[in-house]
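Try each task on your own before you look at the worked solution.

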Amino acid sequence: MKNVMYISFLVVILYSCGNKQNEGIEESEAKENDTSSVVVETPVSKYIECFGVVDIPPNQIFEIYAKANGYIADVKVLEGQHVNKGETLLEIESPEFAILQKEYKSAKANFDWHKQNVERNRILFSNKAISEKEIQTIEKEFEVAQANYMGLREQIKAIGFDSEKVLSSISNKLNITSKIHGVVVILNAKNGSRVSSENHLLTVIDKSHIHMEMKISANDIQKIQLNQAFFILHNSDTIRGKIHLINDIVNDDNTVRVHGHFDQAADEKKLIVGQNYFVNIIP
Ligand SMILES: [Zn+2]
């Protein structure tokens with residue numbers, strides 16, 4: 001009887017302990033449920049978020065090459081400098097180009113002489129003052145001179161120079177000029193350094209149109225429409241814009257490229273090409 005009482009007492013203790021353990025588990029489970037419900041309550045961003053980079057269209061980027069072998073005689077600009085269309089960026093001393101320039105000038109003079117000569121002799125021939133054979137020889141010489149002059153003119157144009165300027169220039173230095181009004185962003189030239197025609201010397205960009213290139217997750221792309229508003233935070237400013245183009249292809253990283261324009265031209269001036277931003281698109 002004493003044993004029975006002892007066993008039942010032990011059972012009661014074990015049972016109550018077991019109960020406490022269960023309660024403990026239930027409590028911790030309840031706590032876990034509490035935390036998960038807190039996560040759900042955290043406000044989810046109402047914006048579609050993505051990364052974007054400040055960019056300019058490729059037709060506003062001008063890369064400038066040396067065009068001829070030689071030496072840099074004078075670098076006239078600095079990185080970050082604004083330049084005007086036609087402004088000289090640097091000068092190259094090129095013995096090779098000096099020879100071409102000389103040949104071109106003498107070919108032009110030769111062509112001019114033959115032109116006058118053929119015109120004069122055509123009159124003489126019409127007056128039967130010279131023979132057919134004579135005029136044929138003169139015409140042939142004129143054609144050779146013309147072909148030589150035109151060939152050199154095309155050669156000068158092909159390497160990117162104004163053939164008229166080359167003709168009138170007394171200097172044998174090559175002037176590398178800017179084709180646009182823009183900003184020098186890359187400068188790979190030092191006075192005195194040797195260059196060859198394929199050397200990239202400068203890059204000038206036209207900042208008249210700046211846009212935001214965004215990479216939007218393919219899962220979010222259905223929520224994006226043309227003219228939808230977006231904003232970025234730049235220092236203490238909020239810069240706003242609108243979606244302008246949505247690409248039709250999903251990239252390898254499962255994003256779609258979306259192109260946005262800024263609302264205010266004044267805001268564009270604050271931005272640097274290549275700068276990365278966190279973009280919020282307003283649904
Ligand atoms: Zn654009």
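Predicted model: local features only at pLDDT ≥ 70, side-chain atom pairs only at ≥ 80, totals over all residues.

Residues are numbered from 1 along each chain as its sequence is written.

**Exercise 1. The whole chain**

Task: How many helices and strands are there in the chain, and what percentage of its residues is buried?

Solution. 
- Step 1: The chain has five helices and 14 strands. Helices (H or I, at least four residues) and strands (E, at least two) are DSSP runs, numbered from the N terminus.
- Step 2: A residue is buried if 20 or more other C-beta atoms lie within 10 Å of its own, exposed if 12 or fewer, and partly exposed in between, with C-beta atoms placed from the backbone.
- Step 3: Of the 283 residues in the chain, 19% are buried.
- Step 4: Two residues are in contact if their C-beta atoms, placed from the backbone, lie within 7 Å. Taking contacts between residues at least 6 apart in sequence, 72% join residues at least 24 apart.

**Exercise 2. Two packed helices**

Task: Are α2 and α3 roughly parallel or roughly antiparallel to each other?

Solution. 
- Step 1: Two packed helices are described by the angle between their axes and the distance between the axes.
- Step 2: Helix α2 covers residues 95–126 and helix α3 residues 132–158; their angle is about 150 degrees and their axes are 8 Å apart. Axes are lines fitted to C-alpha atoms, for helices over the stretch in contact, and angles run from 0 to 180 degrees between N-to-C directions.
- Step 3: Angles under 35 degrees count as roughly parallel, over 145 as roughly antiparallel, 65 to 115 as roughly perpendicular and the rest as oblique. Therefore α2 and α3 are roughly antiparallel.

**Exercise 3. A look at α2**

Task: Which residues of α2 are buried, and what covers them?

Solution. 
- Step 1: With 32 residues, α2 reaches 47 Å from its first C-alpha to its last, close to the 46 Å expected at 1.5 Å a residue. The expected span of a helix is 1.5 Å times one less than its number of residues.
- Step 2: F97, Q101, Y104, F111 and H114 are buried in α2.
- Step 3: The cover over the buried residues of α2 includes β3 (70–75), α3, α4 (163–168) and β6 (173–177).
- Step 4: Just after α2 comes K128, with a positive phi of about 60 degrees.

**Exercise 4. K179 and its surroundings**

Task: Which residues does K179 touch, not counting residues up to four places away in sequence?

Solution. 
- Step 1: K179 is in the loop between β6 and β7 (182–187).
- Step 2: K179 is exposed, since 12 other C-beta atoms lie within 10 Å.
- Step 3: Leaving out residues up to four places away in sequence, K179 touches F62 and K85.
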